[in-house]
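Good morning, everyone. Please take a look at the sequence and the structure as they come up.

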Amino acid sequence: MAAAPFTLNWSHYVFLMAIEDQGERRFYELEAAHDGESGVARAKLERPDLVLLDVMMPRLSGFSLAWVFKHDPFFAGVPVVFCTAHAQ
């Protein structure tokens, strides 16, 4: 049985992903936050393997959030990917 397709709901702004590899199967745990500040708070509870975020977010911009991830040793090596519809 095929898994249901996965879609991102951009009413959430920050996605934190943990990837667990068990042989040939990979499991993804996805956490969502509605703004940059709550994204940092959730990520500090459990270090993500990957962060997907939007540039335009309330309370802490995507660029500011990326700066936090880059300069905090707890998040060293965590890739940050921007996904945005912002045209300029």
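Let me start with one term. pLDDT is the predictor's confidence in each residue, on a scale from 0 to 100. You need it here, since this is a predicted model. Over residues 8-12, pLDDT stays under 50. For that stretch the model has 10 contacts beyond four places in sequence. A contact, by the way, means heavy atoms within 4.5 Å.

Now the whole protein. Mean pLDDT is 76, and 72% of the residues reach 70 or more. Which element has the lowest mean pLDDT, and which the highest? Strand 1, residues 14-22, has the lowest, at 64. Helix 2 has the highest, at 88.

Next, the layout. The protein has 2 helices and 4 strands. Walk along from the N terminus and the order is β-β-α-β-α-β. There are 88 residues, and 30% of them count as buried. The accessible surface comes to about 6200 Å². Carbon and sulfur atoms account for 57% of that surface. Then look at contacts between residues at least 6 apart in sequence. Of these, 54% join residues at least 24 apart.

On to the core. The largest nonpolar core has 9 residues. They are Val40, Ala43, Val51, Leu53, Met57, Leu65, Phe69, Phe75 and Val78. Which elements each supply at least two residues of this core? Helix 1 (36-45), strand 3 (50-53) and helix 2 do.

Let's stay with helix 2. Its buried residues include Gly62, Leu65, Ala66 and Phe69. Seen down the helix axis, the buried residues of helix 2 fall within an arc of 100°, so they line one face. An α-helix has 3.6 residues a turn, so residues three or four places apart point the same way. Now turn to the face of helix 2 away from its buried side. That face carries the exposed residues Phe63 and Trp67.

Phe63 takes us to the aromatic rings. How many aromatic pairs does a search of the whole structure find? It finds 3. In one of them, the rings of Phe63 and Phe82 have their centres 5.3 Å apart and their planes at 40°, so this pair is tilted. The Phe63 and Phe82 pair links distant parts of the chain. Phe63 is in helix 2, residues 62-71, and Phe82 is in strand 4, residues 80-82. They are 19 residues apart. Are these two buried or exposed? Phe63 is exposed, at 55% relative accessible area. Phe82 is partly exposed, at 32%.

Another pair is Phe69 and Phe75. Their ring centres are 4.4 Å apart and their planes stand at 65°, so the pair is edge-to-face. The cut-off for that label is an angle over 60 degrees. Phe69 and Phe75 are both buried. Both also belong to the core I listed. Ring pairs join Phe69, Phe74 and Phe75 into a cluster.

Lys44 sits in helix 1. Lys44 is partly exposed, with a relative accessible area of 47%. In sequence, Lys44 and Phe75 are 31 residues apart; in space, they are 8.6 Å apart, C-alpha to C-alpha. Leave aside neighbours within four places in sequence, and Lys44 is in contact with Asp72, Phe74 and Phe75.

Back to Phe82 for a moment. Leu52 is in strand 3. Leu52 counts as buried, at 13% relative accessibility. Leu52 and Phe82 are 30 residues apart along the chain, yet their C-alpha atoms are separated by 5.9 Å.

Last stop, the loops. Most residues other than glycine have a negative phi. What about Arg59? Arg59 has a positive phi of about 70°, although it is not a glycine. Arg59 lies in the loop between strand 3 and helix 2. Arg59 is exposed, with a relative accessible area of 59%. Now find His34, in the loop between strand 2 (25-33) and helix 1. His34 is partly exposed, at 45% relative accessible area.

How values were computed
Residues numbered from 1 in each chain as written. Predicted model: local features only at pLDDT ≥ 70, side-chain atom pairs only at ≥ 80, totals over all residues. Heavy atoms only, no water. Phe/Tyr/Trp six-rings, centres within 6.5 Å; stacked < 30°, edge-to-face > 60°. Buried < 20%, exposed > 50% of the residue type's maximum accessible area, 1.4 Å probe, protein only. Core = buried A, V, L, I, M, F, W, Y, C linked by side-chain atoms within 4.5 Å. Arc of directions from axis to C-beta. Areas by Shrake-Rupley, 256 points an atom, 1.4 Å probe, with all protein chains shown as cover.
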